[in-house]
Amino acid sequence: MRVLVTGGAGYIGSVVTEELVRDGHEVVVYDSLYKGHRESVVPEAKFVQADLLETEVLRRTLSEHEIEAVIHMAADSLVGESVEAPAKYYRNNVIAGLSLLDAMREAEVKRLVFSSTAATYGEPAKQPIEETDPTAPTNTYGETKLAFERALHWYEGAYGLHYASLRYFNAAGATELCGEAHDPETHLIPIVLQAAAGTRPHVTIYGDDYPTRDGTCVRDYIHVIDLARAHILALDILDERSAIYNLGCGGEGYSVLEVIETARKVTGREIPVQTGARRPGDPAVLIASSDRIKGELGWQPALQDLTVIIESAWKWMQERQK
Ligand code: UFG
């Protein structure tokens, strides 16, 4: 299939692109490089550097490359920033997304995979979280992702667009080529590995008084390759129907302390820690039920062991520092 990947120079987008190319799809990456990295785009993919709000470039790209499906991953994704700068999040996650949908309508592209988030659920009432559970975002990031999901629902009814909205839990790990490098970095695993590498003095644990097994927050970490494979499986439903799928590994998840301990074993390094205050808006536990995507698409995580996830991220980080 000829696939446009928006945000394909970002962390998850670059791995999705890698996997699409590996499966023989023709890929055009569309990325402004405002946060993405040009070197993360595999050489086999075509590359267009532009913003989604450049509607003329977007329209031309869809038609010139005869795009058959879009995987839409371009977004702002920092929870804290989203609360301080909601205008930026509405512009980049909702208005820019609608610009994409309108260009798709004109080019008659009717298949879309959307990167959504567990943040659409807010503070969940029960674990594991199912797609049928209520959505009640507690930050602008989750709210804007949910707003776009709702737009997809109405566009489907009116314009015949089919979509798969993938609600990611905690993406982590790396491939040989692509890994996580945000600036500023806010995610736990890269922060822990920076402390192991000595490029950061310590890790601050955001709260150790949560009602969890060791007092620290529990999350459902999913290897970015397992996440990427789900996007490719999701392309297959889009001739027929739309769906919303959670993407996590389920089980018991891992606490912040368990992540740090595993990283100590993987790296063989000291990882200094300090305990700080809770980070506003952090739910105590977020665990996915991914039964729906397992049952409907046969998706299974192959790399759910946290040691494997952290090893891949550590290897990538060390290669990059050479
Ligand atoms: N944490 C620390 N110290 C740090 C960084 C994180 O203790 O320096 C803790 C957080 O409090 C949280 C856990 O580690 O309990 C994981 O934090 P991340 O920032 O790595 O990930 P989040 O669970 O906050 O965020 C993820 C995605 C977001 C998404 C969110 C949904 O990265 O994009 O899940 O709730 F919005």
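**Notes on a predicted model**

1. Now step back into helix α6 itself, which covers residues 188-197. Nine of its ten residues are buried, so the helix is largely enclosed by the rest of the structure. The buried ones are L188, I189, P190, I191, V192, L193, Q194, A195 and A196.

2. What do the buried residues of α6 pack against? Their partners are the strands β7 (170-172), β8 (203-206) and β10, together with the helices α8 (256-267) and α10 (306-321).

3. Strand β10 is worth a visit too, as H223 lies in this strand, which spans residues 221-223. Is H223 buried or exposed? Its relative accessible area is 2%, and a residue counts as buried under 20%, so H223 is buried.

4. Who surrounds H223? Apart from neighbours within four places in sequence, H223 is in contact with A172, G173, A174, L303, I309 and S312. With S312 there is also a polar contact of 3.2 Å between the two side chains.

5. Finally, look at helices α4 (residues 86-107) and α5 (residues 140-159), which pack at an angle of about 20° with their axes 9 Å apart. That angle makes α4 roughly parallel to α5, and their crossing is right-handed.

6. Where α4 meets α5, the residues on the α4 side include Y89, V94 and L101, while those on the α5 side include Y141, F148 and Y155. Sorted by class, this contact has 13 nonpolar, four polar and three charged residues.

Notes. Residues are numbered from 1 along each chain as its sequence is written. This is a predicted model: local features need pLDDT of at least 70, side-chain atom pairs count only at pLDDT 80 or more; totals for chains, interfaces and linings use all residues. Side-chain values use heavy atoms; hydrogens and water are left out. Axes are lines fitted to C-alpha atoms, for helices over the stretch in contact, and angles run from 0 to 180 degrees between N-to-C directions. Helices (H or I, at least four residues) and strands (E, at least two) are DSSP runs, numbered from the N terminus. Angles under 35 degrees count as roughly parallel, over 145 as roughly antiparallel, 65 to 115 as roughly perpendicular and the rest as oblique. A crossing is left-handed if the near helix is turned anticlockwise from the far one by less than a right angle, and right-handed if clockwise. Contact means heavy atoms within 4.5 Å. Ala, Val, Leu, Ile, Met, Phe, Trp, Tyr, Cys and Pro count as nonpolar, Asp, Glu, Lys and Arg as charged, and the others, Gly among them, as polar. Buried means under 20% relative accessible area, exposed over 50%, partly exposed in between (1.4 Å probe, protein chains only). A polar contact is a pair of N or O atoms within 3.5 Å; within protein, one must be able to donate a hydrogen and the other to accept it, and residues adjacent in sequence count only if both atoms are side-chain atoms.
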